[in-house]
Amino acid sequence: MAYRFANRIKELKTSPLRENASKNMELKDVISFAYGFPPVEAFPMETLQKISQKLYTEVDPETFLQYGASEGYPLLRKLVKERLAATANLQNEEQVLITSGSTQAMDIAVKVLCDEGDVVLCEEQTFSGAVNAIKGYGAIPVPIPMNVAEESVDLEALEELLRFEQRIKFIYLIPTFQNPLGTSIPLEKRQAIYSLAQKYDVLIFEDDPYGDLLYYGEPIIKLKEMDTDGRVMYAGSFSKILAPSARLGFIMAPDEIMEKLALAKQVSDSHTNFYWQVMLAEFMQNHQFEEHVSALKQYYKGKFEAMIAGLEALPEDKIQFIKPTGGYFICCKMADELDPETFYTALDEAKVAVIPGNIMSVVQEGYERYFRLNFTKPTLSEIVDGVKVIGEALKQATPASSKQVI
């Protein structure tokens with residue numbers, strides 16, 4: 001039989017990040033800096049076991065095994081709102097919708113706001129799942145050039161796009177500990193971005209899955225905290241501070257948008273896993289959830305510092321890297337005279353995995369010399385050994401100019 005698929009699915013490709021992770025899971029003795037995963041040691045096993053035992057022995061099963069509201073478990077929604085008010089000064093009348101990770105928040109936002117042919121502006125390098133969400137509904141992801149030195153999108157280029165690009169529905173940004181760059185947009189740049197969104201009357205989707213994991217300095221206020229006219233949709237995730245398989249995220253948005261988001265979610269999955277919603281609510285209300293997050297930050301900070309130390313020992317004329325203040329990733333760039341193909345081949349042969357920059361590029365090209373490293377999943381010894389391998393691969397990467405052209 002000849003299968004005829006919808007146009008919206010024809011352009012989609014399997015996530016290269018998931019393919020890479022699957023490949024690494026199957027191979028033995030691989031040091032992987034390619035994951036965006038937490039390690040098993042990060043999971044609060046004892047606390048989760050206690051909470052689960054309580055649910056099955058002391059709580060009405062109707063609470064956590066029955067169908068529930070599409071918007072989410074009311075107590076969890078309340079606790080998330082209170083946490084945002086306490087940790088980020090996000091005190092407004094808007095509600096939150098519990099989603100299956102922040103990825104679903106992006107998916108239903110595109111579904112609600114975009115028709116085929118509409119445009120979503122994105123950072124040049126960004127989360128591939130968001131790009132696929134845009135393409136999945138026939139919308140068009142358009143890259144905003146980056147000013148990496150200033151850890152921001154290029155404001156002049158952004159305004160140029162806003163002025164001349166047709167059918168822009170919103171701007172998608174990961175402003176804090178960006179994936180893959182690790183950058184955090186400075187306060188004055190955030191203010192300028194918000195002002196441009198006001199000037200050209202477009203929405204902003206602020207994706208913040210890593211914002212809790214600050215290792216140095218003071219947090220930068222969120223775009224949502226600047227929102228005076230219902231222009232910012234703010235999405236967060238518990239995947240990085242609880243457990244990815246729980247698939248718990250949320251989105252905060254103005255009431256008029258929230259009504260449509262809830263409707264889109266009903267069509268998608270009725271509601272997010274209620275068992276995990278009740279588990280998290282119990283954790284947040286009756287256990288030391290913030291102490292758990294603080295312990296995670298200290299744990300990851302040690303790994304982060306080990307990777308930074310290893311990278312700083314490599315020759316500056318062969319590699320540069322962005323030093324973030326938190327998050328999951330460090331982005332590196334090999335020198336222009338080095339050959340990316342030789343470099344990646346050397347890493348493959350040494351069984352060290354990274355994410356090449358093109359995978360995280362909106363247009364899937366132009367970032368051959370960039371690569372992303374994750375420091376949360378590997379052990380300290382793997383970080384030390386793996387970064388040494390990266391140094392050896394850089395030495396093997398013969399200058400492109402010396403290659404014979406056939």
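Two strands pair if DSSP finds at least two bridges between them. The views below come from a predicted model.

**View 1. Strands β7 and β8 pair in the parallel sense.** Strand β7 covers residues 168–173. Its pairing with β8 runs over 4 bridges.

**View 2. Strands β8 and β9 run parallel.** Here β8 (residues 203–208) is joined to β9 (residues 232–237) by 5 bridges. Look for Glu206: its bridge partner in β9 is Tyr234.

**View 3. Strand β8 is largely enclosed by the rest of the structure.** Leu203, Phe205 and Asp207 point one way from the strand. Ile204, Glu206 and Asp208 point the other way. Both sets are buried, the acidic side chains of Asp207, Glu206 and Asp208 included.

**View 4. An open sheet is built from 7 strands.** The order is β2-β10-β9-β8-β7-β3-β4, and the pairing is mixed. At the edges lie β2 (95–99) and β4 (140–144), each of which pairs on one side only. On average, neighbouring strands are turned by 25 degrees against each other, direction ignored. Helix α10 (residues 255–269) packs on this sheet. The helix touches β2, β8, β9 and β10 (249–253). Its direction makes about 20 degrees with that of β2.

**View 5. Helices α12 and α14 pack with their axes 9 Å apart.** The helices span residues 289–312 (α12) and 380–396 (α14). The angle between them is about 15 degrees, which makes α12 roughly parallel to α14; angles under 35 degrees count as such. Their crossing is right-handed. From α12, the contact uses Gly302, Lys303, Ala306, Met307, Gly310 and Leu311. From α14, Leu380, Ile383 and Val387 take part. By class, this contact has 6 nonpolar, 2 polar and 1 charged residues.

**View 6. Arg4 lies in the segment before α1 (7–10).** Is Arg4 buried or exposed? Arg4 is exposed, because its relative accessible area is 79% and the cut-off for exposed is over 50%. Arg4 and Pro141 are 137 residues apart in sequence. In space, the two are 25 Å apart, C-alpha to C-alpha.

Methods: Residues are numbered from 1 along each chain as its sequence is written. This is a predicted model: local features need pLDDT of at least 70, side-chain atom pairs count only at pLDDT 80 or more; totals for chains, interfaces and linings use all residues. Side-chain values use heavy atoms; hydrogens and water are left out. Axes are lines fitted to C-alpha atoms, for helices over the stretch in contact, and angles run from 0 to 180 degrees between N-to-C directions. Helices (H or I, at least four residues) and strands (E, at least two) are DSSP runs, numbered from the N terminus. Angles under 35 degrees count as roughly parallel, over 145 as roughly antiparallel, 65 to 115 as roughly perpendicular and the rest as oblique. A crossing is left-handed if the near helix is turned anticlockwise from the far one by less than a right angle, and right-handed if clockwise. Contact means heavy atoms within 4.5 Å. Ala, Val, Leu, Ile, Met, Phe, Trp, Tyr, Cys and Pro count as nonpolar, Asp, Glu, Lys and Arg as charged, and the others, Gly among them, as polar. Buried means under 20% relative accessible area, exposed over 50%, partly exposed in between (1.4 Å probe, protein chains only).
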